[in-house]
Amino acid sequence: MNNGEWVVHADKVSDKEHTNVELEFKSVEQMNAFFKGKIGPGTLPKMRGIGKDFLSFMMVLLKMSSLLTAKEAPEDEETQQMMVKCFFYLLTSGISTLNKLGHDEIHDWAVKSPDRVYALAVDGHPEVSAFIRVKAGHSKAGRGEYKRAMPFFTLRFDSFKSALGTLLGTDDMLEATKSGKIIMDGGPEFGGIFGGFLLTVGSYVQ
């Protein structure tokens, strides 16, 4: 955790002296099941550092899990906003991570890409925006609006509820586009490619 932001590192473990809370999973499958909300004897990790910090940490993890595994949009706007922000951050970071891990389709796209920025946004709520910058095989996900230049392509939604309708798969994308719930700022062909990668990342979460 860095000033309230989660930063993920591969193969990097803090020294014991500065570790407040530690969860140890027996396998990747067990960890994935835990973060998908399948809490039970077979998915619980070994836990070290139980105390005030641990309880706060676990509450954050369980809240994230409940948001990302929801089947339909909640009614209150505050929770909708939180869900959309989680999904936007997850999806843009996921595309960038898959590129760096050498995912065939995504890395091939990134290698051939000039310097371009693809963004996700909700009208009137810049605080939930997210983007990914791609150039010659390199990629970097970012949070908030990209302000150095106008993004090459932006997938916008007219409301949090519309965004969740698409992100949770409860709305028909064609109908949502026709009715103005989804707005593509840029060529539809690029929207199709970008949208396909979003679905690829989403398939790992399900």
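User: At what angle do α3 and α4 pack?
Analyst: Helices (H or I, at least four residues) and strands (E, at least two) are DSSP runs, numbered from the N terminus. Axes are lines fitted to C-alpha atoms, for helices over the stretch in contact, and angles run from 0 to 180 degrees between N-to-C directions. The axes of α3 and α4 are 8 Å apart. Their packing angle is about 90°.

User: What kind of model is this?
Analyst: Residues are numbered from 1 along each chain as its sequence is written, and side-chain values use heavy atoms, leaving out hydrogens and water. Local features need pLDDT of at least 70, side-chain atom pairs count only at pLDDT 80 or more, and totals for chains, interfaces and linings use all residues; the model is predicted.

User: Are α3 and α4 roughly parallel or roughly perpendicular?
Analyst: Angles under 35 degrees count as roughly parallel, over 145 as roughly antiparallel, 65 to 115 as roughly perpendicular and the rest as oblique. The angle here is about 90°. The two helices are therefore roughly perpendicular.

User: Which residues of α4 meet α3?
Analyst: Contact means heavy atoms within 4.5 Å. On the α3 side stand Ile-95, Leu-98 and Asn-99. Across from them, α4 supplies Ile-106, His-107, Trp-109 and Ala-110.

User: How many bridges join β4 and β5?
Analyst: Two strands pair if DSSP finds at least two bridges between them. β4 and β5 pair in the antiparallel sense, with Ala-130 partnered by Arg-143 and Lys-135 by His-138. The number of bridges is six.

User: Which residue in the hairpin turn has a positive phi?
Analyst: β4 and β5 form the hairpin, with two residues between them. A phi of about 45° belongs to Ala-136.
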